Amino acid sequence: MDTTQQSLEARDLPYDVFAKVCPSRGTLEHVTGRWGGLTLGALYEGSLRFNELRRRVDGVSEKMLSQTLQALERDGLVHREAQPTNPPRVDYELTPLGHEVAERLLDLIHFVEGRMDDVLAARERYDVTRGAR
């Protein structure tokens, strides 16, 4: 029995994100990646069109947003609704699973934002210490 199988059996869970072959690892990467987390957080506020979402997630390129949305849609976190209008209208919204994931991400986001004074102070201490060498 290989170590991946032992790890899964030891924890008695069907998935183990720490195992390189586990499919949950890819989903975790989509959710916690630079653009995935921000996209989920932005969609938590409600349905958005592509360009609205791109403006909300400041700095994301059209290509990266498109790839991110496709990955999140494939994972069942985002629903894409194309309206047969001229010009075509495409709206994105969270699925119930995506909403649940976004809630947890937003808790982390708000925690980090609330502790940024501590983080910035730690960075300053680190930079002073490293710069002194």
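## Helix packing

The axes of helix α3 (residues 34–43) and helix α6 come within 9 Å and cross at roughly 105 degrees. The model is a predicted one. Angles of 65 to 115 degrees count as roughly perpendicular, and α3 and α6 are therefore roughly perpendicular to each other. On the α3 side, the contact is made by Gly37, Leu40 and Gly41. Val101, Ala102, Leu105 and Leu106 make the contact on the α6 side.

## Surface patch

Helix α6 spans residues 96–114 and includes Leu108. Leu108, Phe111 and Val112 make a nonpolar surface patch of about 290 Å².

## The sheet

Three strands form an open sheet in the order β1-β3-β2, and the pairing is antiparallel. β1 (48–49) and β2 (78–83) are at the edges, and each has a single partner strand, so one side of each is left without a neighbour in the sheet.

β1 pairs with β3 in the antiparallel sense over 2 bridges. Within β3, Asp91 is the bridge partner of Arg49.

## The hairpin

A hairpin through 5 residues joins β2 to β3. β2 pairs with β3 (residues 89–94) in the antiparallel sense over 6 bridges. Val78 stands opposite Leu94 in β3, and Arg80 has Tyr92 of β3 as its bridge partner. In a regular strand, side chains alternate between the two faces of the sheet.

Terms used
Residues are numbered from 1 along each chain as its sequence is written. This is a predicted model: local features need pLDDT of at least 70, side-chain atom pairs count only at pLDDT 80 or more; totals for chains, interfaces and linings use all residues. Side-chain values use heavy atoms; hydrogens and water are left out. Two strands pair if DSSP finds at least two bridges between them. Helices (H or I, at least four residues) and strands (E, at least two) are DSSP runs, numbered from the N terminus. Patches are made of residues with over 30% relative accessible area and no salt bridge: like charges are joined within 9 Å, nonpolar side chains (Val, Leu, Ile, Met, Phe, Trp, Tyr) within 5 Å. Accessible areas come from the Shrake-Rupley method with a 1.4 Å probe; for residues, only the protein chains shown count as cover. A salt bridge is a side-chain nitrogen of Lys or Arg within 4 Å of a carboxyl oxygen of Asp or Glu. Axes are lines fitted to C-alpha atoms, for helices over the stretch in contact, and angles run from 0 to 180 degrees between N-to-C directions. Angles under 35 degrees count as roughly parallel, over 145 as roughly antiparallel, 65 to 115 as roughly perpendicular and the rest as oblique. Contact means heavy atoms within 4.5 Å.
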